[in-house]
Amino acid sequence: LSVASLEDPVVMSKIRQSLREKHARHIADLRAYYDSEIQSLKQQLEAWCNLCVLSRCDQLDSALNEASAHIKALENKNNQLEKQVADWRERFYALSDSSKALQERLEEMRMSHKEKDNTISRLQSRLRELEEAFEKAYKLSDNKNTRLQEENKMFQNLLGEYESLGKEHERVKDTLNTTENKLLDANTEISDLKRTILKLEAQLKQVEHENALKLRH
């Protein structure tokens, strides 16, 4: 353009109009370009967020399944421990009753043994008296053979009774020893059962605590 043309207001107006139109087209092109880029970035961001959400959901679902399985295992263990504790308690009570019965039986046998000891002592004393009487009667006269025979018969009867009571006394002693051994075994087993019950109750409390923690989690 010549200098004269540039000084023409009409020409300058057309030039400015053309520049404005070019500038508007350029702005529109830039706006369209950036709008397209922004839309593309939004789509990428949305896709990435959806992927992250899905991945997190999968992780949470897996963790939930694992926690549910662990809680179920803890509940099963809890039920099993409760059943074991109940079984051991029943066995403990049964053994306690058996131990009590054995203790009562032992006391009865001790009383009976004591009574038999007293009876044997009395028979021994009576036997000595009869032996002394027999010796005295034998020394007094041979004419008292009939009385001596009767006393000898009585002596033999008492001797047989003494021997019978002695055998029964030995049997009672053996039975008493056996009962005492059974009572000792029962007391030992009761002590073991007490320790086992305490251990099971401690495990049960631990499982319940873990279960409560898992449930709260």
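Leu30 counts as partly exposed because its relative accessibility is 32%, where buried means under 20% relative accessible area, exposed over 50% and partly exposed in between, with a 1.4 Å probe and protein chains only. The model is predicted, so local features need pLDDT of at least 70 and side-chain atom pairs count only at pLDDT 80 or more, whereas totals for chains, interfaces and linings use all residues. Residues are numbered from 1 along each chain as its sequence is written, and side-chain values use heavy atoms, with hydrogens and water left out.

**Confidence and helices**
- The protein has a mean pLDDT (the predictor's confidence in each residue, from 0 to 100) of 79, and 91% of its residues reach 70 or more.
- Confidence is lowest in helix α1 (residues 3–6), with a mean of 54, and highest in α2, with 82; helices are DSSP runs of H or I with at least four residues, numbered from the N terminus.
- Leu30 lies in helix α2, which spans residues 9–140, and Lys83 lies in helix α2 as well.
- Lys83 is exposed, with a relative accessible area of 57%, and its C-alpha atom is separated by 40 Å from that of Arg110, 27 residues apart along the chain.

**Nonpolar surface**
- Ile27, Leu30, Tyr33, Tyr34 and Ile38 make a nonpolar surface patch of about 460 Å².
- Such a patch is made of residues with over 30% relative accessible area and no salt bridge, nonpolar side chains being joined within 5 Å; a salt bridge is a side-chain nitrogen of Lys or Arg within 4 Å of a carboxyl oxygen of Asp or Glu.

**Aromatic pairs**
- The structure holds two aromatic pairs, with ring centres within 6.5 Å and planes under 30 degrees apart counted as stacked, over 60 as edge-to-face and the rest as tilted.
- Tyr33 and Tyr34 form an edge-to-face pair, at 5.3 Å centre to centre and 70 degrees between the planes.
- Phe92 and Tyr93 form a tilted pair, at 5.8 Å centre to centre and 55 degrees between the planes.
- Phe92 is buried, with a relative accessible area of 17%, whereas Tyr93 is partly exposed at 48%.

**Cysteines**
- The structure holds zero disulfides, a disulfide being a pair of cysteine sulfur atoms within 2.5 Å.
- Cys57 is in no disulfide, and the nearest cysteine sulfur, that of Cys52, is 11 Å away.
- Cys57 counts as partly exposed because its relative accessibility is 41%, and Cys52 is partly exposed with a relative accessible area of 33%.

Technical notes. Patch = residues over 30% accessible without salt bridge, like charges linked within 9 Å, V, L, I, M, F, W, Y side chains within 5 Å. Areas by Shrake-Rupley, 256 points an atom, 1.4 Å probe, with all protein chains shown as cover. Helix = DSSP H or I, 4+ residues; strand = E, 2+ residues; numbered from the N terminus. Phe/Tyr/Trp six-rings, centres within 6.5 Å; stacked < 30°, edge-to-face > 60°.
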